[in-house]
Amino acid sequence: MKIDRVRFAEVKASEATTWTCVEVFDGQGLSALAEITCGANTAEAVRLTSELSAALDGQEIADESEVEGLLGLEVPDMQANMALATAISALRTAVSDLKAQQAGVTLTEELGGTPQESILLYANINRHLLTRDRSPASFGRAAELAVSRGFGIVKCAPFDGVGPPSTREEILNVAQLGIERVAAVRSAVGEDITVLVDCHSRFEPHTAPLVAEQLALSNIGWFEEPVEPTKDPEGLAQVAREVSMITAGGESGYGRDFFREVVAMGALNVVMPDVKYCGGLAEARESGIAAMEAGGDVSLHSPSGPVSLIGGGHATAAMPGAIHLEHAVYEADWRAELVLPHERVEDGRLWLPDGAGLGAVLNEAIVKRYGRYWEA
């Protein structure tokens, strides 16, 4: 197959969030879709996606794994540059999607899996709360809402304003509000709901265990990225040896070797590849399998829009043994309408579309109402 051109789309989901996607056209009437939301790096990811797709124009691509080589890139290039990792991940995902459409199969099947009707989700309440009241009571209400809508697993990121450097003597005072937010979530949802905590790498090896001791009082299900695994895996391994709960993370990692190694060294019990950054859908699957072979679990990271959620659903379905998939809840009332057919989330599960490839396309009316299309 050959890449003919690309088109970009963005919609503003909230004051804090804009979802950005790329459509990749093959010149034969097919188009693939990938999300390239990358925070402050999104504009650079757009530029690189445009530039690299142009470099691939006219080249025959037999498989998504060839994209790096055709562009003269190696894994360390992506590991050092999040925007580049995002662009390459999108192009690799697009090739997988186009191949699936050409074969008339779902992305789950193209990735080597057996189609599943639905995938278990957990509710990330943090993005819903970014532009709202961040009090412990508000965290509790958001968690309670998610549970009332069928989610049995809830995640929060409570440690705003905390960051290194810090000391063992001061860390609990600095982190106290975050600890209270987690306690409020636990109180609101009861003991039968799993509560996950994302630390956004705001601690250090000498402070994280002290915070973990306090979170253990709220019976949390995992301790996500107290230390950044791509920058200090040895420090995270030290934390993992000292805490009583599961460690999870790896959202910024690229390539299966990274995910295998962080499990093998004891830094993470659960790896969290993000299809937007890790190398795309096929690489997410291979990364998860590598981590499971090393003795870990895999739960794909997906705090973004419906395009990456559906893609992550296909990758999860293609990994026997993979656990729940992340879903950022309640950022936009019209979220499900961004794609056709509409994103279907019910009873804490994502129901996968059954069309060829991703099985979904952007809803142009919604894009134009809340954002725009453009060609770079």
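A nonpolar core is a set of buried Ala, Val, Leu, Ile, Met, Phe, Trp, Tyr and Cys residues joined through side-chain atoms within 4.5 Å, where buried denotes under 20% relative accessible area with a 1.4 Å probe, protein chains only. The model is predicted, with local features requiring pLDDT of at least 70 and side-chain atom pairs pLDDT 80 or more, while totals for chains, interfaces and linings use all residues. Residues are numbered from 1 along each chain as its sequence is written, and side-chain values use heavy atoms, without hydrogens and water.

**View A. The largest nonpolar core comprises 84 residues.** Ile125, Phe159, Phe203, Leu215, Phe223 and Leu362 have the most contacts inside this core. A separate second core of 33 residues includes Val6, Val24, Leu73 and Ala94.

**View B. Surroundings of Leu362.** Beyond residues up to four places away in sequence, Leu362 is in contact (heavy atoms within 4.5 Å) with residues including Cys21, Glu23, Val307 and Tyr373.

**View C. Cysteines Cys156 and Cys199.** The whole structure contains 0 disulfides (pairs of cysteine sulfur atoms within 2.5 Å). For Cys156, the nearest cysteine sulfur belongs to Cys199, 9.2 Å away. Cys156 counts as buried because its relative accessibility is 1%; Cys199 is likewise buried, at 1% relative accessibility.

**View D. Lining of the largest cavity.** On a 1 Å grid over the protein atoms alone, a cavity is a set of points where a 1.4 Å probe fits but cannot get out, and lining residues have an atom within 4 Å of a point. Among its 15 lining residues, Leu33, Ala34, Glu35, Thr93 and Val275 are the closest to the centre.

Technical notes: Buried means under 20% relative accessible area, exposed over 50%, partly exposed in between (1.4 Å probe, protein chains only). On a 1 Å grid over the protein atoms alone, a cavity is a set of points where a 1.4 Å probe fits but cannot get out, and a pocket is an open set with protein on both sides within 12 Å along at least five of seven lines; lining residues have an atom within 4 Å of a point.
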